[in-house]
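Please read this report alongside the sequence and the 3D view. It covers the sheet, the helices, the ligand shells and some backbone details.

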Amino acid sequence: MHSHFDPERKKILVTGGAGFLGSHLCGQLLAQGHAVLCLDNYFTGSKENIRPLLDHPLFEAIRHDIVHPIDLEVHQIYNLACPASPVHYQFDPVRTVQANVLGVTHMLELARRTKARILQASTSEVYGDPKVHPQPESYWGNVNPIGLRSCYDEGKRVAETLMMDYHRQYQVDIRIIRIFNTYGPRMALNDGRVVSNFILQALQGKEITVYGDGSQTRSFCYVDDLIEGMIRMMETPGLTGPVNLGNPGEFTVLELAEKIIALTGSRSKIVYRPLPQDDPTQRRPDITLAKQALSWEPTIRLEAGLKRTIDYFEQSLLGQKEMTVRSAARPVRAKQNGNGDSIPLPKTATPPRSASRLPNGAVRRAS
Ligand code: NAD
Ligand code: UDP
């Protein structure tokens, strides 16, 4: 009988593996010959994202929520399990804090027991609304501890603290990366982040919703570049981090809207909406450390990355349309996403004010 047992092969756990970044990471690790265990609770991820991997003999998927402990045998852990878009992480803020405190503790305990190396997907949000620009790793940040974003920002900061303390106290082999805004194919259509919102609005001929006056800046990294940096960080000996990973190209949100309108040839008009609470005014990574320590820097320019992302969204919208036509021809039936949950056709997400829309599109009623 053919066996896939190979004592040299690494078994790698990717939590949040069915999400946007996680699914790209799983694909890349499999391509490098590793065995991959994808763990996800499908809160914002989807089985659709990992469908192409399901037949791979070295790929396995587990439905599990990291706020509960789990025991596995692995050599490396990439901890990505946490909703990443403001709309999603503010939907159930207590759960977001738990994913970062309980979830990260459980992953660190697993790493401690199995002696696995563990990489934490931290974020530029640890810098809050930065007073230092661009942001080097040495900057401690400017975070509101009690605002709407703090469940995520402070959650991720505590996650970094736990990583460092497990390293100092129990010698766990850790890696911390601080990811700056990353975009690309497989961002959820209802994600609510700026790139997915603008592309969807432009393709559907809807108004492009710029929050505030659009002068706030972000730096956008294409997913393939980010995954390359993430794997390099995991494989680099003796470097705990934190290390910033992101594209230092900096654009205003208005510039991004104009670029997307031009690239899609859309006739959508720009409209202005209120700026969400504590929205950072500027953000750009200082990637000197990543360049030196990982020989890494992004290679994909914004326009090239946006074109690939627009193609993906076009295909996804076509797929949704076909599904609607087919189900309209049959007796009434809920449309399904990859998780078996009912979803409406994609709507662009709006910023959470009284938080009401579930990631799968369902509406939570005010009590
Ligand atoms: P995503 O929402 O697509 O992926 C998160 C994944 O984690 C989803 O598949 C979700 O179902 C899963 N998940 C959430 N809570 C979970 C839990 N408690 N247990 C198990 N699974 C859970 O977002 P993403 O953009 O792929 O982000 C992945 C990671 O990278 C996150 O930790 C995020 O904070 C971090 N990050 C992303 C960006 C970015 O721009 N994409 C920037 C900074 C940090
Ligand atoms: N934004 C916007 N319109 C949208 C979605 C977001 O103007 O439809 C703005 C948002 O206010 C922020 C920036 O785009 O200034 C990036 O938002 P995103 O949610 O993608 O990520 P953040 O960096 O804020 O976590």
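**Sheet**

Two strands pair if DSSP finds at least two bridges between them. Helices (H or I, at least four residues) and strands (E, at least two) are DSSP runs, numbered from the N terminus. This is a predicted model: local features need pLDDT of at least 70, side-chain atom pairs count only at pLDDT 80 or more, and totals for chains, interfaces and linings use all residues. Residues are numbered from 1 along each chain as its sequence is written, while chains are lettered from A and ligands numbered from 1 in the order in which they are written.

An open sheet is built from 7 strands, in the order E3-E2-E1-E4-E5-E6-E11, with parallel pairing. Strand E3 (59-63) and strand E11 (243-245) form the edges, and each pairs on one side only. Direction ignored, neighbouring strands are turned by 20 degrees against each other on average. (Axes are lines fitted to C-alpha atoms, for helices over the stretch in contact, and angles run from 0 to 180 degrees between N-to-C directions.) Strand E4 (residues 76-79) and E5 run parallel, joined by 4 bridges. Asn-79 has Gln-120 of E5 as its bridge partner.

**Helices on the sheet**

Two residues are in contact if their C-beta atoms, placed from the backbone, lie within 7 Å. H1 lies across strand E1 (11-15), strand E2 (35-40), E3 and E4. H1 runs at about 165 degrees to E2. Helix H5 (residues 150-170) also packs on the sheet, where it touches E5 and strand E6 (174-179). The direction of H5 makes about 155 degrees with that of E5.

**H1 against H7**

Two packed helices are described by the angle between their axes and the distance between the axes. For H1 and helix H7 (residues 223-235), the axes come within 10 Å and cross at roughly 60 degrees. H1 contributes Leu-21, His-24, Leu-25 and Gln-28 to the contact. H7 contributes Val-223, Leu-226, Ile-227, Met-230 and Ile-231. By class, this contact has 7 nonpolar, 2 polar and no charged residues. (Ala, Val, Leu, Ile, Met, Phe, Trp, Tyr, Cys and Pro count as nonpolar, Asp, Glu, Lys and Arg as charged, and the others, Gly among them, as polar.)

**Ligand shells**

A residue is near a ligand if its C-beta atom, placed from the backbone, lies within 6 Å of it. Ligand 1 is surrounded by 28 residues; the closest are Gly-16, Gly-19, Leu-21, Gly-45 and Ala-84. The shell holds 15 nonpolar, 11 polar and 2 charged residues. H1 gives the most, with 3 residues.

Ligand 2 has 15 residues around it, and the closest are Arg-193, Val-194, Asn-197, Thr-209 and Tyr-211. Of this shell, 7 are nonpolar, 5 polar and 3 charged. Helix H6 (194-203) and strand E8 (208-211) each supply at least two residues. E8 gives the most, with 3.

**H6 and backbone details**

A residue is buried if 20 or more other C-beta atoms lie within 10 Å of its own, exposed if 12 or fewer, and partly exposed in between; C-beta atoms are placed from the backbone. In H6, 9 of the 10 residues are buried, so this helix is largely enclosed by the rest of the structure.

Most residues other than glycine have a negative phi, and most peptide bonds are trans. Gln-171 is not a glycine, yet its phi is positive, about 60 degrees. Gln-171 sits in the loop between H5 and E6. Gln-171 counts as exposed because it has 10 C-beta neighbours inside 10 Å. His-133 and Pro-134 are joined by a cis peptide bond, with omega about -10 degrees. The bond from Gly-241 to Pro-242 is also cis, with omega near 5 degrees.
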